[in-house]
Amino acid sequence: MKEDWVKENDTFTDQAHVFHLHGNSFYLIGISDEEIAWKKSLQEIKNIDANGLLMKRNLERPIIKDTVTVPKQRAIALRFLADSAGYWLLHDQSAAQWSRGLDLVLRVGKESDLPPLPEKFPKCGSWVGPQFFLI
C-alpha cells in the first residue's frame, strides 16, 4: 500500500475541490489543519509532515471512500491498494476545473495485466464525444 497526496493549490477560486477516484476505493488517512498547502512545495509540505506538524494520521480505522473534499489551500493524505489493473481517473467533480489540470490518470499494473481490447475499440482521434466536450 502506498501513501499518496492531493494538494489543493488552486489560486483561481475560493472553493474546495471534490475529487473522485474511479474503479477503486481509498483510505482517507489525514487532512491538514491549516491553509498552508498553496504557499509551499510538495517537498516542503512533506518535510513539515515528517516533523508531525501538518496533520494527524488515522492509521487504525481510516475512512474508506472513493470521493473526498479537499478544503481550500489544504492537503490530504490517502492510501489505496492498487490491485485492479487498468487506467483509473482521479478527477475534480467540478466541470469548470477540467481545463485547469485537476484530473489525472493512474496506471495500475502493466500492459500485460490488462485484457485485450475489443477488435473495433476506438483509438485516439477516432471518437468524438458529446458537444459539450468540444472546446
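This is a predicted model: local features need pLDDT of at least 70, side-chain atom pairs count only at pLDDT 80 or more; totals for chains, interfaces and linings use all residues.
Reader: How many helices and strands does the protein chain have?

Author: The protein chain has one helix and eight strands. Helices (H or I, at least four residues) and strands (E, at least two) are DSSP runs, numbered from the N terminus. In order from the N terminus, the elements are β-β-β-α-β-β-β-β-β.

Reader: Which strands form the open sheet, and in what order?
Author: Four strands form an open sheet in the order β5-β2-β7-β8, and their pairing is antiparallel. Its edge strands are β5 (67–70) and β8 (103–108), each of which pairs on one side only. Two strands pair if DSSP finds at least two bridges between them.

Reader: How many bridges join β2 to β7, and how many to β5?
Author: Strand β2 (residues 17–21) is joined to β7 (residues 86–92) by three bridges. Between β2 and β5 there are four bridges, again in the antiparallel sense.

Reader: What stands opposite F19?
Author: In β5, F19 stands opposite V68. In β7, F19 stands opposite D92.

Reader: Is β2 enclosed or open to the outside, and why?
Author: Strand β2 is largely enclosed by the rest of the structure, because four of its five residues are buried. Buried means under 20% relative accessible area, exposed over 50% and partly exposed in between (1.4 Å probe, protein chains only).

Reader: Let us change topic. Which residues make up the largest nonpolar core?
Author: It has 10 residues: F19, L21, F26, L28, V68, V70, I76, L78, F80 and L90. A nonpolar core is a set of buried Ala, Val, Leu, Ile, Met, Phe, Trp, Tyr and Cys residues joined through side-chain atoms within 4.5 Å.

Reader: Where do those residues come from?
Author: Strands β2, β3 (26–31), β5 and β6 (75–80) each supply at least two residues of this core. The largest share, three residues, comes from β6. Another core of five residues lies apart from it, and I29, I45, L54 and A77 are among them.

Reader: Now H20: is it buried or exposed?
Author: H20 is buried, with a relative accessible area of 15%. This residue is found in strand β2.

Reader: Which residues stand opposite or pair with H20?
Author: H20 stands opposite T67 in β5. Its bridge partner in β7 is H91.

Reader: What does the side chain of H20 reach?
Author: The side chain of H20 reaches the backbone oxygen of D66 at 3.1 Å. A polar contact of 2.8 Å also joins the side chains of H20 and T67. A polar contact is a pair of N or O atoms within 3.5 Å; within protein, one must be able to donate a hydrogen and the other to accept it, and residues adjacent in sequence count only if both atoms are side-chain atoms.

How values were computed:
Residues are numbered from 1 along each chain as its sequence is written. Side-chain values use heavy atoms; hydrogens and water are left out.
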